[in-house]
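Trainee: I'm new to this structure and would like a close look at a single part of it. Could you take me through the aromatic residues and what surrounds them?

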Amino acid sequence: MANDPLLTWFGLDDAAARLYRTLLLHGGRTLSELRDLSGLSTHQVTDGLDQLVAASLARFDNTAKAGGRLWPVSPKVVLTAALARRRAQTLRAQAEVEQLEVELAELVATHEALAGRRATGTLEHVTDVTAAAVTIYELTASATDEVLVLGPGPRSSALGASVYLHGEPLLDNGVRLRGIHLGSLRNRPTEYAPAARLALHGAELRTAPTLPAEMVLVDGHIAVLPHDPADPSAGVVVCRHTTTVAALCALFEQYWMSGEELGSSPRSDELGLTPSERELLRQLADGTTDEAAARRMGVSLRTVRRMAAGLMERLEARSRFQAGYRAAALGWLDEKAPAAVAVP
C-alpha cells in the first residue's frame, strides 16, 4: 500500500510525494537542501521535482536573488480541482452502471419470457427443458453450504443429472453434496459407476427402496421439483417458500436417516427382510400391482415377481394379497422396523 495515498492517487510516486511534503514544510530551498531535508537521493530528488513541476505542484524561482530555489504550489488550488474532476468521472461511471443494470434487467426479462419462466410470489415455473437444466445449474452453482438430491439415480433423474454433471466442482468449492436414490441403482451399472466415482470424490450417497418425490434442495432455502413427474418435458418449479422448503428438507432427512450407504451391501433386519422386501410387502398389503410396484421401486417386473414369490413362500401364502395380510398380522410392516443387520 502507498505511504501517501492522496498524493500517489494524484500520480506521484512515494519519493515525489515525500519531496512535496518536504517542500510544504521547507519552501524556498535549493536542490541540495531538499535532498538533505527529505533524506532522498539526488536522483530521487531530481526525478521527484520533474513529477511535481509536471503536476503543477512546484515552481522554480529563477530570479538572481532567489538563486534557483523551489516553492510548493498550494494543494488547495491543484488537488481540489483534481478531486472535482475525479468526482465528475465517478458520477458519470455510476450513471453508466445504473443504465447497464436497466439494460441487463431487460435482457433477463426477455430471456425468461423466451424460456417460459413464470414467477408467482415464491414459485417460479420454468417450462423450457433446456432452461430448466440451466436454472438448476445456476442455483446449485451458487450454493455455499449444501445441495440435496432426491431422485431415482444420477442419470435417470433429470434434476439429479443437472446437479451431478457439475458435482465435482461443487465438492471442490467446499459444498456438501448428499443424494438419496432408489436401491435398484446398485443393479444399473451405467448409473452406479458415475455415482460411485462421485462418492469417492466426497459426495454422500444413500439408497432407499422407494422415494416420495424427485427434488433438489439448495442451502435449505430453495427447492426445485418437476412440474409434472409423469412428463419430464413440463419443466420444473422453483420454490422459495420458507415453510414449504423446510418441510421438504425434513422429508429428505427422514429418508436419509433410514437410507443405506451406496457402497454398502443390502441389509436385512431381524426377520431377514431387506428394505426392498419390506417395501414390497407394504405394497402387496395395499393391493398394488406388480407393474406399479416395479415402477415405484425402479426395478424390473421380473425382479418384483421373483421377490414376491420368495416372500409368499416364507409366509406360506397362496396369493400376493394374502402375503401382505399375513406380513401385517405378524407385525412385519410396523412403522418401527426391527434393527437391521448386515446380510452375510
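**A close look at the rings**

Mentor: Let's start with a histidine: His125 has a relative accessible area of 12%, under the 20% cut-off, so it counts as buried. Keep in mind that this is a predicted model. His125 has its place in strand E4, which covers residues 123–126. From there, the side chain of His125 reaches over to Ala234, meeting its backbone oxygen at 3.0 Å.

Now for the rings that pair up. Search the whole structure and you get one aromatic pair. The partners are Phe252 and Trp256, and they are stacked, with 6.0 Å from centre to centre and 15 degrees between the planes. That counts as stacked because the planes are under 30 degrees apart. Both Phe252 and Trp256 belong to helix H10 (residues 242–258), where they sit four residues apart, or about one turn of the helix.

How covered are these two? Phe252 has 0% relative accessibility, so it is buried. Trp256 comes out at 6%, so it counts as buried too. Trp256 has another neighbour to look for: the charged end of Arg178 sits over its ring, 4.8 Å from the centre.

For a contrast, turn to Trp9, which lies in helix H1 (residues 5–9). Its relative accessibility is 31%, so Trp9 counts as partly exposed. Together with Leu6 and Leu83, Trp9 makes a nonpolar surface patch of about 240 Å².

So when you turn the model around, look for Trp256 among the buried residues and for Trp9 in that surface patch.

Key: Residues are numbered from 1 along each chain as its sequence is written. This is a predicted model: local features need pLDDT of at least 70, side-chain atom pairs count only at pLDDT 80 or more; totals for chains, interfaces and linings use all residues. Side-chain values use heavy atoms; hydrogens and water are left out. Rings of Phe, Tyr and Trp (its six-membered ring) pair if their centres lie within 6.5 Å; planes under 30 degrees apart count as stacked, over 60 as edge-to-face and the rest as tilted. Helices (H or I, at least four residues) and strands (E, at least two) are DSSP runs, numbered from the N terminus. Buried means under 20% relative accessible area, exposed over 50%, partly exposed in between (1.4 Å probe, protein chains only). A charge sits over a ring if NZ of Lys or CZ of Arg is within 6 Å of the ring centre and within 35 degrees of the ring normal. Patches are made of residues with over 30% relative accessible area and no salt bridge: like charges are joined within 9 Å, nonpolar side chains (Val, Leu, Ile, Met, Phe, Trp, Tyr) within 5 Å. Accessible areas come from the Shrake-Rupley method with a 1.4 Å probe; for residues, only the protein chains shown count as cover. A salt bridge is a side-chain nitrogen of Lys or Arg within 4 Å of a carboxyl oxygen of Asp or Glu. A polar contact is a pair of N or O atoms within 3.5 Å; within protein, one must be able to donate a hydrogen and the other to accept it, and residues adjacent in sequence count only if both atoms are side-chain atoms.
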